[in-house]
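The exercises below ask the reader to work through a two-chain model with the sequence and coordinates at hand. Each task is followed by a solution that goes step by step.

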Amino acid sequence: MKTLLQIENLHASVGEKEILRGINLEIKAGEVHAIMGPNGSGKSTLSAVLAGRDTFTVTEGSVTYDGRDLLALSPEERSWAGIFLGFQYPVEIPGVSNVNFMKAAVNEQRKQRGLEPLTAAQFLKLMREKMAYVEMDSSFSGRGVNVGFSGGEKKRNEIFQMAMLEPRLAILDETDSGLDVDALRIVASGVNKLKHADNAFIVITHYQRLLDYIVPDVIHVLYKGRIIKTAGKELALEIEKKGYDWLIHESE
Amino acid sequence: MKANNLIYAPALKQEFRCRVPLRDARQLFLVNGTVQGGGAPLALRLEEGEQLDKMLQIIGIRSAEGPRELSFSESFHFGPRSAGRIILCAHTFSLDRFKTVERVRIELEEEARAQFVVMQNEHNQADHETFYDISLAGGASLDMVFLSLHGGVIRNHIDARLCGEGASCSLSGLYLTDGEQRMDYDILLTHQVPHCHSNQVFKGILDNNGVAHFDGLIKVVPDAQKTEAYQANHNLLVSPTARAYTRPQLEIYADDVKCSHGATIGRLNPDELFYMRTRGIPVAEARLLQQVAFTNEVVEKISSPELRERMQVLVEKRLRGEFSRCQNCSKNCC
């Protein structure tokens, strides 16, 4: 299998504080990797660094995506290259409707690939089709992006956007937080429908329950900015039972 | 002057050849301050109960034939229970250093209903100062939207008085400056009697070295009980050297009122920007979407869908900096 993402000795800081302290990770096409770990271990920082958030400074190491230096690309260039970040806290954009937001995004992606923009009819058809993936009501399209959405609706909107953009590497940052069981099932089935042999997922989560629905190939445990354990999917059940302490002791 | 009898001036039509007139509007030109350039000031009177069937678009133009410095007046008198919609546009035909002082009198008698859209779109050397003198009798309602899109110095002084019970006045405005432009709004809104309602929303986006001043005072006289009066002013600075000054003020001499005012000066939200960029929207486009979103609250107050859409396009072009690209004429209107 082809390597999609190669992270080597990645260090990143915010101000003087070092948050990522030497991450190594390789992800191949077709794989689903779960990243777990206690609060403050650096999970969200890792996803933000991969998406290009400029509040973090990479101080050491490299990230190679599909043969390119990912860290040299702007957030939009990463998106054009097929990276998608599902936000833990999706941002509300008052005054910009979901439909205009997605139209701007989809047509920019097409432009970057040398394709004509979609016609209004083609776009609406695509939107309806992808909204069905996450059982989203069409009334959402005219509303401001995430404005007045419940926590579950916001997360479904993230998966909907992912379905529209069809990324090669999707990073889902605690997409399960704040979801009830039904919403969790809808979100997970959306992910499973989008999964194929050429793309890959990084699923960041606190809880084992999401991994009942989205079955990972590998689980990594992040602690104090380093991966302290990598194992198969059984690790999630063990963490659910015993917590992280035993792993932390083991690594120290 | 009877508004329903006004006709389109064919001689001037070619000057605006890139613009198809609004379907739902009659047009009248105010050339260097007089009706169709004929020397008479504009004085519109609606009789009791008279209803304007279409919008009346008054296209004010300053041309090189007129003096560089000019002052003139217009008046709009709405008789009892009359109703009409007026668009007031200010343009320049040449790039001379015009200085214009304009006085606009708007008087609404009992239960008259009026909607005004004021569109100011001149050039960087034009200095245009307008004094709006507005009074509303009992039960009258005025809805006025100002769009200050382009001009060297634009100053709008608004003195609006609610003189009869049950009157209602909504004033909204959008001002966009860039380069060295300056735009000022100076508003005095007085509640002189009880049971009136007023609402003000003014928003500005300031780029480059653009400057805006907002000075708004709501005054509620003694005994004007049950007054409802709201005022908001929000400014977006999109360059490090743009400046906004705001002074929202309330003077309330009655004790049973609902009044509020608020003002902000801020920048584009970086979280929104990052979110859009992660979806592949380039940073310049993302900034534009945010700015257009900011203007929506004001532009959406225009009730005619046709006019509203046109103004949305115009505002977006203005924010994209595409005004100067139009090859048809110098009016920057499309």
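**Exercise 1.** Determine how far strand 14 of chain B is enclosed, and find which strands pair with strand 14 of chain B.

*Solution.* The model is a predicted one, and a residue is taken as buried if 20 or more other C-beta atoms lie within 10 Å of its own C-beta atom. Step one is the burial count: strand 14 of chain B spans residues 197-206, and because seven of its 10 residues are buried, the strand is largely enclosed by the rest of the structure. Step two turns to strand 12 of chain B (residues 168-177), which pairs with strand 14 of chain B in the parallel sense over 10 bridges; within strand 14 of chain B, Leu206(B) is the residue opposite Thr177(B). Step three takes strand 16 of chain B (residues 228-237), which runs parallel to strand 14 of chain B and is joined to it by 10 bridges, with Ala229(B) of strand 16 standing opposite Ser198(B).

**Exercise 2.** Locate the largest nonpolar core, and list the contacts of Ile58(B).

*Solution.* The largest core holds 79 residues, and those with the most contacts inside it are Ile58(B), Ile87(B) and Leu108(B). Strand 10 of chain B (residues 141-150) supplies the largest share of this core, namely six residues. If residues up to four places away in sequence are left out, Ile58(B) touches Leu28(B), Leu30(B), Leu42(B), Ile86(B), Ile87(B), Leu88(B) and Cys89(B). A second, separate core has 77 residues, among them Leu5(A), Val63(A), Met136(A) and Leu179(A).

**Exercise 3.** Describe the four-stranded open sheet of chain A, together with the helix that packs on it.

*Solution.* The order of the strands is 2-1-4-5, with antiparallel pairing, and the edges are strand 2 (17-28) and strand 5 (68-69) of chain A. Seven bridges connect strand 1 (residues 3-14) with strand 4 (residues 57-65) of chain A in the antiparallel sense, and Ile7(A) has Val63(A) in strand 4 as its bridge partner. Helix 1 of chain A (residues 43-51) packs on this sheet, where it touches strand 1, strand 2 and strand 4, and its direction makes about 70 degrees with that of strand 2.

**Exercise 4.** Compare the radius of gyration of chain A with that of a compact globule, and characterise the side of chain A that touches chain B.

*Solution.* For 252 residues a compact globule would have a radius of gyration near 18 Å, and chain A, at 18 Å, agrees. Buried residues make up 44% of chain A. The contact between the chains takes 19 residues from chain A and 16 residues from chain B. On the side of chain A, the elements that give two or more residues are helix 2 (75-80), strand 7 (93-97), helix 3 (98-112) and helix 5 (151-165), while the breakdown by class is 12 nonpolar, four polar and three charged residues.

Conventions: Residues numbered from 1 in each chain as written. Chains lettered and ligands numbered in written order. Predicted model: local features only at pLDDT ≥ 70, side-chain atom pairs only at ≥ 80, totals over all residues. Contact = placed C-beta atoms within 7 Å. Nonpolar A, V, L, I, M, F, W, Y, C, P; charged D, E, K, R; others polar. Rg over C-alpha atoms; globule rule 2.2 N^0.38 Å. Buried ≥ 20, exposed ≤ 12 C-beta atoms within 10 Å, placed from the backbone. Pairing = 2+ DSSP bridges. Core = buried A, V, L, I, M, F, W, Y, C linked by C-beta atoms within 7 Å. Axes fitted to C-alpha atoms, helices over the stretch in contact; angles between N-to-C directions.
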